[in-house]
Amino acid sequence: MTIKPDRVVIIGVAGDSGCGKSTFLRRLADLFGEEFITVICLDDYHCLDRKQRKETGITALDPRANNFDLMYEQIKTLKSGHSVLKPIYNHETGMIDPPEQIEPNHIIVVEGLHPLYDERVRKLLDFSVYLDISDEVKIAWKIQRDMSERGHTYEDVLAAINARRPDFKAYIDPQKEFADVVIQVLPTELLKDDQGKILRVRMIQRDGVEGLEPAYLFDEGSTIYWTPCGRKLTCSYPGIKMYYGPDSYYGHSVSVLEVDGQFDNLEEVIYIESHLSNTSAKYQGELTHLLLQHREYPGSTNGTGLFQVLAGLKMRATYERLAAPEAKVAATV
Ligand SMILES: Nc1ncnc2c1ncn2[C@@H]1O[C@H](COP(=O)(O)OP(=O)(O)OP(=O)(O)O)[C@@H](O)[C@H]1O
Ligand SMILES: O=C(CO)[C@H](O)[C@H](O)COP(=O)(O)O
C-alpha cells in the first residue's frame, strides 16, 4: 500500500559530480528515515546518451543534453501528489534505460547538476542547497576517490576536471545564486599549502526566505570571530577558528557561518552547538548527536559534516512548516 502524503515537499541539492552529494544524501536519509524520502537523480533527465554526447561534443553539463521540459512536468506532477514514469540514465552503459514508476512521498529530493538551472523547476523547490567545492578541494577529493577506487591516474583526474571546467562555469556554478543555503568548501587559512586536507567551510544562508531562520553564533546580526579551542574544546595544531556575520552574496543579504579546522573529539562539538542559535534542533545536542551517529562519513570531523547536518535540520523545519502538523518528523534520540 502506498501512503499518499498530504503535502509533497521538494528539495533541491545541486553540485558537480564528486562534490559530496551522496554523503549529504545519506545524512538526509538518516535524519528523515529511508521511507520518508525519495531521491531523484537528475542525470535521469539526460536526453543525449553517452554516445550521442561524444558524437556532438555536448557535455552532460550542457543544458542541451538534458530534458528540462520533462523534468519540470514530472516534478510538478509529483508535487501535486501523482506518480510519474521517470526515465533512467544508466551510468554503467551510458544509455537511457526503460522508465520506472516513482510515487509521491513526503519529501522528494532532486539532486544533481541542474536542480536550480530552469526557472520553472526552481520555482517548484521548497528548499535548496548548493554544494560549492573549490577547485583545490575538488581535485583532492577526486584524486583520493578516483585513484584508489577507480584506478585512474593523477593526470586522468586533472584532465577530467579541466575538461569539465568551461561548462561547469557556464551552467552549474551560476546556480548557487539561487540556493537558500550554499555550503562552500575552501582550503584552510590556518596553514599554507595544506593541499586540501584541512578545510575552511562556510554556510551561506540566504536572509528573508520564508520559514528559513538562519543559524547564528552568539548574537544575531553581529560579526563574530571565535577561537573555541581551550578548556572545553580540544584542538591540535593548527586549531579551529569560527566566524559568523552578515554579508552580501550575488546582491542579496546572507548570514554566514564558518568553521576552519578539524574537530579532534567529535563529542565536544556539543560545546560549539551550545553557542549556536536557531539551529532548528529539537533538543540541545541533537546536532552533535546526528554527527556522532555516523562519525565514519567523510567530513564528520570538519565543517562539511557540521553544516550538512545543520542544513538537514533546516530542511526538516521547512518540511514541518509546510506539511500537516501531525506529520512532524520525530527527533532521533
Ligand atoms: N566532506 C568530505 N570530506 C572529505 N572528503 C569528502 C567529503 N565529501 C566527499 N568526499 C570525498 O569525495 C568523494 C565524492 O563524494 P560523493 O560520492 O559523496 O560525491 P557525489 O557528488 O555524490 O559524486 P558523484 O556524483 O560522482 O557520485 C568521496 O569518495 C569522498 O572521498
Ligand atoms: O556529471 C555527471 C553527473 O553525475 C556525469 O558525468 C553525467 O551524468 C554523465 O554520466 P557518465 O559520465 O556516466 O556518462
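What share of the contacts in the chain between residues at least 6 apart in sequence join residues at least 24 apart? In this predicted model, the figure is 69%.

## Overall build

Let's start with the whole chain. Its secondary structure comprises nine helices and 13 strands. The radius of gyration is 20 Å, close to the 20 Å that the globule rule gives for 333 residues, so the chain is as compact as a globular protein of that length. Along the principal axes, the C-alpha atoms fill a box of roughly 60 × 55 × 35 Å.

## Surface and charge

Of the 333 residues, 53% are buried. The chain exposes about 15,400 Å², and carbon and sulfur atoms supply 50% of that area.

## Helix H1

Helix H1 covers residues 21-32, and its 12 residues should span 16 Å at 1.5 Å a residue; the end C-alpha atoms are 16 Å apart, which agrees. Nine of the 12 residues are buried, so the helix is mostly covered. Among them are Phe24, Leu25, Leu28, Leu31 and Phe32, along with the charged-type residues Lys21 and Arg27.

What lies over these buried residues? The cover includes strands E1 (9-14), E2 (37-41), E5 (107-112) and E6 (127-133), as well as helices H8 (286-293) and H9 (303-322). Just after H1, glycine 33 takes a positive phi of about 95°.

## A buried glutamine

Glutamine 175 sits in the loop between helix H6 (154-172) and strand E7 (181-187). Leaving aside neighbours within four places in sequence, glutamine 175 is in contact with Leu113, His114, Pro115, Leu116, Tyr117 and Tyr130.

## Backbone points to check

Most residues other than glycine have a negative phi, and most peptide bonds are trans. Here are some places that depart from that pattern. The peptide bond from tyrosine 237 to proline 238 is cis, with omega near 5°, and proline 238 lies in the loop between strand E10 (224-226) and strand E11 (240-249).

The loop between strand E13 (276-277) and H8 holds asparagine 278, and serine 280 also has its place there. Asparagine 278 has a positive phi of about 55°, while phi of serine 280 is near 70°. At 27% relative accessibility, asparagine 278 counts as partly exposed; serine 280, at 27%, likewise counts as partly exposed.

Technical notes
Residues numbered from 1 in each chain as written. Chains lettered and ligands numbered in written order. Predicted model: local features only at pLDDT ≥ 70, side-chain atom pairs only at ≥ 80, totals over all residues. Heavy atoms only, no water. Helix = DSSP H or I, 4+ residues; strand = E, 2+ residues; numbered from the N terminus. Rg over C-alpha atoms; globule rule 2.2 N^0.38 Å. Buried < 20%, exposed > 50% of the residue type's maximum accessible area, 1.4 Å probe, protein only. Contact = heavy atoms within 4.5 Å. Areas by Shrake-Rupley, 256 points an atom, 1.4 Å probe, with all protein chains shown as cover. Expected span 1.5 Å × (residues − 1).
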